[in-house]
Amino acid sequence: MHVNVQWKNGVQFDIEARGHHIMSDQPRESGGSDGGMTPPEFLLASLGACAAYYAAEYLRVRSLPQEGLQVRVHAEKAAQPARLGAFRIEVESPAMEEERHREGILRAVRRCVVHNTLLHAPAIEVIAAAAPVTI
């Protein structure tokens, strides 16, 4: 699994994965043109989409309606080092009126790959290399 990130202009970057493209940018107050989400917002989006996927799969397998499923992700910033220090995932579904489905959806969401990656910090290797010069 991989993505390619290419500088476009100012603080904008084009991000490509499997032929899909998204734009990353900064808000105007941070020197950007607000043309896309910031990297931390992408992290929240990734966590929320993953949680929603696992919740939807729980509902689908049990032939429960997926309509009304909604996930919100909140994060609080921390310092030293600068990072997101706390996350809260809120899942809503009409199916959660029944306690067994509420518990089942929570168990499903906790199996989310992004959630588990954040809980168990992966090794991250950073490599710097000179870019080839094109003429």
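Predicted model: local features only at pLDDT ≥ 70, side-chain atom pairs only at ≥ 80, totals over all residues.
Reader: How do you know how the protein stands against a compact globule of 135 residues?

Author: For a compact globule of 135 residues, the radius of gyration would be near 14 Å, whereas the protein has 18 Å. The C-alpha trace spans about 60 × 35 × 30 Å along its principal axes.

Reader: What makes up the protein, from the N terminus on?

Author: The protein has three helices and five strands. From the N terminus on, these elements run β-β-β-α-β-β-α-α.

Reader: Why is lysine 8 called partly exposed?

Author: Lysine 8, which is found in strand 1 (residues 4-9), has a relative accessible area of 43%.

Reader: Which residues is lysine 8 in contact with, leaving aside its neighbours within four places in sequence?

Author: Contact means heavy atoms within 4.5 Å. With those neighbours set aside, lysine 8 is in contact with Phe13, Asp14 and Met23. As for tyrosine 58, which is 50 residues apart from lysine 8 along the chain, the two C-alpha atoms are separated by 40 Å.

Reader: How do you know that strand 2 and strand 3 pair?

Author: Two strands pair if at least two bridges are found between them. Five bridges join strand 2 (residues 12-17) to strand 3, and the two run antiparallel. Aspartate 14 stands opposite methionine 23 in strand 3. The hairpin of these strands has two residues between them, and arginine 18 there takes a positive phi near 50 degrees.

Reader: What makes strand 4 and strand 5 a pair, and in which sense do they run?

Author: At least two bridges are required, and strand 4 (residues 70-78) and strand 5 (residues 83-92) have nine, in the antiparallel sense. Lysine 77 stands opposite leucine 84 in strand 5. The hairpin has four residues between the strands.

Reader: Why is glutamine 80 called exposed?

Author: The limit for the term is over 50%. Glutamine 80 has 76% relative accessibility, so it counts as exposed. Glutamine 80 lies in the loop between strand 4 and strand 5, and its phi is near 60 degrees, a positive value in a residue other than glycine.

Reader: How do you know whether the peptide bond from glutamine 80 to proline 81 is cis or trans?

Author: Omega of that bond is near 0 degrees, and the bond is cis. Proline 81 is found in the loop between strand 4 and strand 5.

Reader: What makes aspartate 34 partly exposed, and where is aspartate 34 found?

Author: Aspartate 34 has a relative accessible area of 48%. Exposed requires over 50% and buried under 20%, so aspartate 34 is classed as partly exposed. Aspartate 34 is found in the loop between strand 3 (20-24) and helix 1 (39-61). Its phi is near 60 degrees, which is positive in a residue other than glycine.

Key
Residues numbered from 1 in each chain as written. Heavy atoms only, no water. Rg over C-alpha atoms; globule rule 2.2 N^0.38 Å. Buried < 20%, exposed > 50% of the residue type's maximum accessible area, 1.4 Å probe, protein only.
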